[in-house]
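The sequence and structure come first.

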Amino acid sequence: MIKRSLITLSLITGCFFAPSSQVVAQNSQTQESRMNATVDSILAKMTIDEKIGQLNLLNPGGGVATGAVVSDNVQQKIKDGEVGGLFGVAGPDKIKIAQDYAVNDTRLGIPLLIGSDVIHGYKTTFPIPLGTSASWDLEMIKKTAQIAALEATADGINWNFSPMVDISRDPRWGRVAEGAGEDPYLGSQIAKAMVEGYQGDDLTKENTMIATVKHFALYGASESGRDYNTTDMSRIKMFNEYLPPYKAAIDAGVGSVMSSFNDVDGVPATGNKWLLTTLLRDKWGFDGFVTSDYTSVNEMIAHGLGDLQAVSALALKAGLDMDMVGEGFLTTLKKSLEEGKVTEQEITTAARRILEAKYKLGLFEDPYKYLDENRTKKDILKKSSREFAREVAAHSFVLLKKDAGVLPLKKDAKIALIGPLANNKNNMLGTWAPTGDPQLSIPVLEGIKNVAPKAKINYAQGANITNDEEFAEKINVFGPRAEISNVSPEKMLEKALKAAKKSDVIIAVVGEASEMSGESASRTNLLIPESQKKLIRELAKTDKPMAIVLMSGRPLNISEEAALPVDILQVWHPGVEAGNAIADVIFGDYNPSGKITASWPRNVGQVPVYYRMKNTGRPQPSDDFTKFKSQYLDVSNSPLYPFGFGLSYTDFEYKNITASADKLPMDGTITLSATVTNTGDFDGEEVVQLYIHDKVRSITPPLKELKGFKKIMLKKGESKTVSFEISAEDLKFYNSNLDFVTEPGEFEYVIAGSSDKEFKNSFELVK
Ligand code: BGC
């Protein structure tokens, strides 16, 4: 028998979120006032200690702890009304115990929020987000979030710490894996799709959950790509390049925001009032709650902002509502109140926001609504979800090179399948998949057998992921990811070469282990580990046609491998259906259509290298060296692979790139279009991209800005006209006063399959 909180049953008369329609729009005010009435009435009964308790978020341990501390004595703290939410706990049975303490054993019976990091799928693990973003398929991305929400809520979770929308142009930073790459426009579209996927249009439904946009803000710009490091950037850069995806999530109605570890303009985000109140609430109108990151309140002590009491007061006053794990709020806010360092109003406001979130989820109506064992059995790892994960993975792969013409393979080919990632379950899910189970994943060898049972496969591991024991230990923190074999590297190589000799083609599956990217996994060297580079070199000497299937959580420096006459298929960490999806693509059942969303450098010294660069006063006229121009002595300025780049088994030609008019009035629109033709031998999908260049601006403009994209299917020989409607609104930017403006003038544009194509046409924006 479900026991409901007394306070709630008497108060609840309706839900806050209902399906969006005109009727709902008319009713939303009533619903908001119902929520206010409920929350007001609870707050009126609460003591100051109970209010502070709501601001405390704990991790009882057992899941993935990403800080040094795990909460203790959690049971007693819940019973004492000292906890507003938990994370790192899953399963209706366990969560019910915790929810019982909150509902039955505390004075007011306020239910708990139950959070989790569901970053790229729950049990049905999708590719890492950087991979999914390479699909440029917003509907698909939204559906990954819907399935993640379906599964997580079936396991008792009602609050998700995703999407991570940090723009990053630094592949040294391991957390590039978790985001959508380097571009604010694409990043914003993906942020919106993810929020809509998690939250749906009705948060009271059993299969939706509150999303959290993170890490607010600028976390992806940490200096030298070192995790948790300082950031420093101008407001103009922030507003034009780094803030848009967070804002897009807010505009999409995200329920919560997580503050980041880094400082912004000298003040850590967690205690930054300009960020958490002036910008987030006053300017952007955010009305949900803000949580800290893992112990980021306490970490302000190390940042040099004072002792625990001081930093906790700073955070509350800045606009932070919930304190993750550190218990600074719990242990110091009352004292600060007594000493006049914070006000009761500030505590009440934060508590109100937590209670509102619980109301929006319908937890007051039924604290146990996400605890349904039948759903756990029915909704997690559904056959259709796994099938979808396979489809998403195939769409995330990027064909970087097709010089060998090895791909697609014939299904009866004689294949040397070689590499430490070729028959490996432990590294298919990628970083930040704490709720997934690596053992459920399909390795490449198994996938190939499933898709091409007639293929003759000669498998050999060929090399260790790394031969460096110390390095291996660092990446094995969440389980064995880089095991070093008892067989010597020489013996392994010998076997691999033998397998190659017996075969017609080589498929080499190499790259990074899962935990070589992700949190606290920064690298200064973006190479494939030397053990595997050596394997590739030796395999290349056999003169057998070779395709490299490359796994990684970041753009790598593959200049050496790219100089070989090989095919290269980038597959990220593809998730639970890895092997099946890879087999689908290498045998041509799906023609790769992914496009990279972060530029790949020629070497680490080029970092940051990104397409949305500004011009210098001394631009390099061509890739040739010219003294006193902006360039390097040793490599050209261009990346190895630019943003938006990705090949297909077929080829696409772009023609008739035109505008519907020469002039765009401030209050009008213009249509830019191109005819795209599939000129090759396979049917295929293409991501058609629109870039513009604002030629003259009051602030230095980027050389190119993505302003639209469409993914289309073209049968071989088929042509389609793809159009983008542009208005002055689409050409806005933040000027020196941080006003969002459009300035008249000439705009160049190009419609292309990658960001490195030259402008040939322009239109004029007129007053
Ligand atoms: C990460 C967050 C994550 C949190 C809770 C932190 O270390 O930065 O992204 O949501 O841990 O697991």
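## Strand pairing, a helix and salt bridges

Strand β15 (residues 546-551) pairs with β16 in the parallel sense over 4 bridges; strands pair if DSSP finds at least two bridges between them. Helices (H or I, at least four residues) and strands (E, at least two) are DSSP runs, numbered from the N terminus. This is a predicted model, in which local features need pLDDT of at least 70 and side-chain atom pairs count only at pLDDT 80 or more, while totals for chains, interfaces and linings use all residues. Residues are numbered from 1 along each chain as its sequence is written, and side-chain values use heavy atoms, with hydrogens and water left out.

Buried means under 20% relative accessible area, exposed over 50%, and partly exposed in between (1.4 Å probe, protein chains only).

Helix α5 (residues 92-105) has 14 residues and reaches 19 Å from its first C-alpha to its last, close to the 20 Å expected at 1.5 Å a residue. The expected span is 1.5 Å times one less than the number of residues. Its buried residues include Pro-92, Ile-95 and Tyr-101. Among the elements that cover the buried residues of α5 are β3 (113-116), α7 (138-154) and α16 (373-379).

The structure holds 53 salt bridges, each a side-chain nitrogen of Lys or Arg within 4 Å of a carboxyl oxygen of Asp or Glu.

| Pair | N to O distance |
|---|---|
| Arg-175 and Glu-519 | 3.4 Å |
| Glu-494 and Lys-491 | 3.8 Å |
| Glu-538 and Lys-541 | 3.0 Å |

Arg-175 and Glu-519 are both buried. Glu-494 and Lys-491 lie 3 residues apart in helix α20 (residues 489-501), about one turn of the helix. Glu-494 is partly exposed at 41% relative accessible area, and Lys-491 is partly exposed at 44%. Glu-538 and Lys-541 are 3 residues apart in helix α21, about one helical turn. Lys-541 counts as exposed, with 59% relative accessibility.

A network of salt bridges links Asp-183, Arg-612, Asp-694, Arg-697, Glu-705 and Lys-707.

Conventions:
Contact = heavy atoms within 4.5 Å.
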